[in-house]
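Please consult the sequence and the model alongside the text.

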Amino acid sequence: MLKFYQVTLETTKENIAGSKAVSDISEIACGVGFEKKKIIIFGGCSLGNKIKRQIKLAQEWENVYDSIDANSVLLLQHPFGMHHMNRSRSLRRLKKEKKIHVISMVHDVESLRKIFDNNCYKREFSLMIELADILIVHNKRMAEYFTKIGVPSNKIVILGIFDYLQQEKLQHTPSFAKQINIAGNLDVKKSPYIAELGKLENVEIKLYGPNFDNKINNYTNVKYEGCFLPHEIPQKLISGFGVVWDGTSIESCQGPTGEYLKYNNPYKLSLYLSAGLPVVIWSEAAEAEFVLKHHAGIAVRSLCELTDIFSYMTEAEYNELARGARRVADKLRTGQYTLNALNTAINIIETEEGKE
């Protein structure tokens, strides 16, 4: 019988909000029998601390190698995002000497995102392609990218959307309002479109997250609601729509971060839908198909379209979209999409095992 393991990266500091997607997948995997093999990452920026950290990481990866049984299944979440001494060697040894099966959960693809597309990420990506028996990717568009670079389609499993685990059941029903909510990093240098939101006529805008620029307060239709932890923010999203947008302009999702929406599953989409909030998404985004299929929101080419859309939208139409969002929310909050993807990956591996 196959044994199941997962490598988890844990720091000596408290996890930041951006790590929720990773921690949720780890928790879901634990629930179906993936035993944790922890890699502890110590902080410190001095040269001495960096050297000590890499020595310790080398030991940690050696321990991972020693503690994993032959012919087992190992779940990895990519990218790791930093250099680990002995990681590549240990993983290659596990593959060659212990004949393990690797499931790689893809979070980001830097050759598509083009933000941190450096040599470290390129080496990580190449290692992932080399070792993975199964790649769990975001959606059909990302699957097509992997097949174009030579990954066989029978090694690819589509996730659909990232889950957003929450302990409590969804209590509220969102109310109809000609309003949009945007949660995340509000740095206008990273996402310049945020600075243009005040130009939207007859649309109320609520912003949540760090790096709010007080200059945006000059717009009467924009209100900053504060910064909240990942488990707190869904309770704040109680009316209107969540917006899935990025890039340089409200007219279209331009620039690297905007173009990346053509391939990725934005985590803020999972946040909004887990709160039962219907969404507004760029029509060219990969996940626009998911949103429309589940009747959980609307797709637009430009945020400027919202003025006209809201002028004729009825409460009944909004409530129908909210019901679609609620159906998705029940799955996201309990990890159903990750469970389905992991089970599919395991079935493929077990089928291949049975042929040998």
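Strand 8 and strand 9 pair in the parallel sense over 4 bridges; two strands pair if DSSP finds at least two bridges between them. Helices (H or I, at least four residues) and strands (E, at least two) are DSSP runs, numbered from the N terminus. Within this pairing, I205 has V222 of strand 9 as its bridge partner.

The model is a predicted one, in which local features need pLDDT of at least 70 and side-chain atom pairs count only at pLDDT 80 or more, while totals for chains, interfaces and linings use all residues. Residues are numbered from 1 along each chain as its sequence is written, and side-chain values use heavy atoms, with hydrogens and water left out.

Strand 8 (residues 204-208) also pairs with strand 7, again in the parallel sense, over 5 bridges. Here A183 stands opposite Y208 of strand 8. Strand 7 (residues 175-183) is in turn joined to strand 10 (residues 239-244) by 3 bridges in the parallel sense, and S175 has S239 of strand 10 as its bridge partner.

These pairings belong to an open sheet of 6 strands with parallel pairing, in the order 9-8-7-10-11-12. Its edges are strand 9 (222-226) and strand 12 (297-300), each of which pairs on one side only. On average, neighbouring strands of this sheet are turned by 30° against each other, direction ignored. Axes are lines fitted to C-alpha atoms, for helices over the stretch in contact, and angles run from 0 to 180 degrees between N-to-C directions.

Beyond its neighbours within four places in sequence, S239 is in contact (heavy atoms within 4.5 Å) with residues including L277 and Y318.

Helix 11 (residues 315-332) lies across strand 7, strand 10 and strand 12, running at about 55° to strand 10.

Elsewhere, the axes of helix 3 (residues 87-97) and helix 5 (residues 119-131) come within 11 Å and cross at roughly 5°. Helix 3 is therefore roughly parallel to helix 5, a term for angles under 35 degrees.

Definitions and conventions. Angles under 35 degrees count as roughly parallel, over 145 as roughly antiparallel, 65 to 115 as roughly perpendicular and the rest as oblique.
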